[in-house]
Amino acid sequence: MEGHTNSSKILLGYFLANLEILFDKRASERVKALSFNIQAFTTNQQHPKFMENNLITLLDRCLISITKGSGDEISLAANTIGLMAVTAADRAHELYVESLPVLSKILNHGSPCSKIIECMILLAFFGAKNCEETENSMQLIWELIHKGNANKHSLSILPAAISAWTFLLASMDGRRLSYKYWQGAISYFFHLLEEEMDEAIGHAACEALTLILETGSLEKFSHRSSNITKDEIIERLNNFILKFKEQDHDQNQDYNEELDFISDVINLFEDDDCPKSSINIRGHLLTLSTYSQIIQFNYLKRFLGSGFEVHMMGNKLLQNVFDFTPKYHVHHEKLWEEPTVTYFVPEARTKKTRQRLFMSPNSAYNKARTQLLNKNRDLTKMGSISE
């Protein structure tokens, strides 16, 4: 217990020291402090007292770094806020509300990097309280997507913007989507496929169209006059994938495999079936039964990187997203012990000595036996609680 307390105090000290460094005038020092936060949050190391008392201060310093910093500092600050949304379950909405004005301004009038887009979407995913707030964030990204052909910078972040929009769409019930926001989305993604831009844009557009198919609400993504059908979307997707594979794209095996998977999902949709996937996470099985869940899984896994499994095993917020509950069992057969006492007893004193050493209530043997019975009883209680 004492060791745990000392470790907790040390971790709190690190968090507080790095928070203080974020007030430093030197950008290089702030970058180091942000890097510490990212490492800690990625591996799901957090201190309840720090999160309770200093979360908004940390958020404010990160938002200042985003608005006044440059280069690495902006990306690291945005990444930190995204991780805060993943780890601070009970305060995610507070983070979302506090961050929205600053991030909205950057998305609307600035030149956001992909990490800022990612940050905004994670805040909305974990922090939005209702469909209206989620769709509001989707609209911010949608406006950014439509700038994609306007300038070189917007084109460079277009794949990240489409993937972010798709990730939020995956969290929505198609029946609750607004009719007025997304009309023309299908035609726009068709346009991106026809333009033959880079591979990342084509893949992002394919994912978005495939997810739109799964929503079952095509009329909300079509112009009222166009009346695009499910079969037409499937045909366009299949034609793009076939054309892509006919070209020389062998050097990018990842895109080929991802498009193969999308092709498999489309085939399932044609048969009115759903994609299913099972993933082993440290010996525990996670089952994904919709394309929406697969989109969410892939996005969060990319974001958390090496820390994804750690969060899946210990982060209740992430476990709730995928309805994933790791089960721990205590294997009693490996923990039970039998008392054993060994003595050297001279032959002449065997009878009396054995009676004193083994049969007396105060004998060493009976004391050891009582201690082990108590220990095994405690283990049984632990096992009942764990199960």
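**Figure 1. Helix H14 gives the most to the lining of the largest pocket, with 7 residues.** The model shown is predicted. H14 spans residues 291-304. Other helices join H14 around this pocket: H6 (114-127), H9 (158-169), H11 and H13 (253-270). Each of these five supplies at least two residues of the lining.

**Figure 2. The largest pocket has a volume of about 530 Å³.** Its lining is made of 25 residues. Closest to the pocket centre are Ser 163, His 203, Glu 207, Glu 258 and Arg 302. By class, the lining holds 14 nonpolar, 4 polar and 7 charged residues.

**Figure 3. Helices H10 and H11 pack with their axes 9 Å apart.** H10 covers residues 185-195, and H11 covers residues 199-215. The angle between them is about 150 degrees. Angles over 145 degrees count as roughly antiparallel, so H10 and H11 are roughly antiparallel to each other. Their crossing is left-handed.

**Figure 4. Residues from both helices make the contact between H10 and H11.** H10 contributes Ile 186, Phe 189, Phe 190, Leu 192 and Leu 193. From H11 come Ile 201, Gly 202, Ala 205, Cys 206, Ala 208, Leu 209 and Ile 212. This contact of H10 with H11 has 11 nonpolar residues and 1 polar residue. No charged residues take part in the contact. H11 also supplies at least two residues to the lining of the largest pocket.

How values were computed: Residues numbered from 1 in each chain as written. Predicted model: local features only at pLDDT ≥ 70, side-chain atom pairs only at ≥ 80, totals over all residues. Heavy atoms only, no water. Axes fitted to C-alpha atoms, helices over the stretch in contact; angles between N-to-C directions. Helix = DSSP H or I, 4+ residues; strand = E, 2+ residues; numbered from the N terminus. Parallel < 35°, antiparallel > 145°, perpendicular 65-115°, else oblique. Left-handed = near helix turned anticlockwise from the far one by under 90°. Contact = heavy atoms within 4.5 Å. Nonpolar A, V, L, I, M, F, W, Y, C, P; charged D, E, K, R; others polar. 1 Å grid on protein atoms, 1.4 Å probe; cavity = no way out; pocket = protein on both sides within 12 Å on 5 of 7 lines; lining within 4 Å. Points joined across faces, edges and corners; volume = space filled by probe spheres on them.
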